[in-house]
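This briefing covers one protein chain, from its overall build down to a single pair of side chains. Please keep the sequence and the 3D view open while reading.

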Amino acid sequence: MRKKSVFIINLLLFIFILIYFTEISPLVPFDGDDWRYIGGIRPPFPLWGVWNPTRVLPETLMGVGGYIASFVVYPFTHDYINSLTFVEAVIFSVFIMGACIAYYRLLVKRLHFNRFSAIASELLFFISFFLLFKHLNQPSYSGFWTVDLSCVFFI
């Protein structure tokens, strides 16, 4: 398996994740925390004296995502909620793909898997987020399911 094939498989996986988070299980702002963090840009360093100074990256990314959604995507779509959903889904999809690619590289570089075995294992790793939470007689959730948008970023 060549590097180009691995890239194409990862690109298709990214597109699937993006469609999943925009259409199948959309990342829609739901409660007050979502709107608070989307609507505010904060400095990208710990703020001492606030209730949780360690939440730097999630609070910064949600604000940047809200800014991009309202000033870059919204002028094209004229739908603010779908703009937010799309931008936040792109951000979350990039992080999921980063984890999948890091897992692939771990298998190839440290555990000396060949590319075919590593990409097959990466796909199995990704699919496991859906299969591990499958229930017979109950609603099924994926490993990416959260109560609201803030919880997606605070994972």
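Two residues are in contact when they have heavy atoms within 4.5 Å of each other. On that basis, 61% of the contacts in the chain with a separation of 6 or more are between residues 24 or more positions apart. The model is predicted. The chain holds 6 helices and 0 strands.

**Overall build**

- Along the sequence, the elements follow the pattern α-α-α-α-α-α.
- The C-alpha trace spans about 45 × 40 × 35 Å along its principal axes.
- The chain has 155 residues, and 35% of them are buried.

**Packing of H1 and H5**

- Helix H1 covers residues 3-24 and helix H5 covers residues 115-131; their axes lie 10 Å apart, at an angle of about 10°.
- Because angles under 35 degrees count as roughly parallel, H1 is roughly parallel to H5.
- On the H1 side, the residues that meet H5 are Lys3, Val6, Ile9, Asn10, Leu13, Phe16, Ile17 and Tyr20.
- On the H5 side, the residues that meet H1 are Arg115, Ile119, Glu122, Leu123, Phe126 and Phe130.
- By class, the residues of this contact are 10 nonpolar, 1 polar and 3 charged.

- Glutamate 59 sits in helix H3, which runs over residues 56-77.
- Its relative accessibility is 10%; since buried means under 20%, glutamate 59 counts as buried.
- With neighbours within four places in sequence left aside, glutamate 59 is in contact with Tyr37, Gly40, Arg42 and Phe154.

**The salt bridge**

- How many salt bridges does a search of the whole structure find? The search finds 1.
- A salt bridge joins the side chains of glutamate 59 and arginine 42, with an N to O distance of 2.6 Å.
- The pair links distant parts of the chain, with the two residues 17 residues apart.
- Glutamate 59 belongs to helix H3, while arginine 42 lies in the loop between helix H2 (32-39) and H3.
- Are these two residues buried or exposed? Both glutamate 59 and arginine 42 are buried.

Notes:
Residues numbered from 1 in each chain as written. Predicted model: local features only at pLDDT ≥ 70, side-chain atom pairs only at ≥ 80, totals over all residues. Heavy atoms only, no water. Helix = DSSP H or I, 4+ residues; strand = E, 2+ residues; numbered from the N terminus. Buried < 20%, exposed > 50% of the residue type's maximum accessible area, 1.4 Å probe, protein only. Axes fitted to C-alpha atoms, helices over the stretch in contact; angles between N-to-C directions. Parallel < 35°, antiparallel > 145°, perpendicular 65-115°, else oblique. Nonpolar A, V, L, I, M, F, W, Y, C, P; charged D, E, K, R; others polar. Salt bridge = Lys/Arg side-chain N within 4 Å of Asp/Glu carboxyl O.
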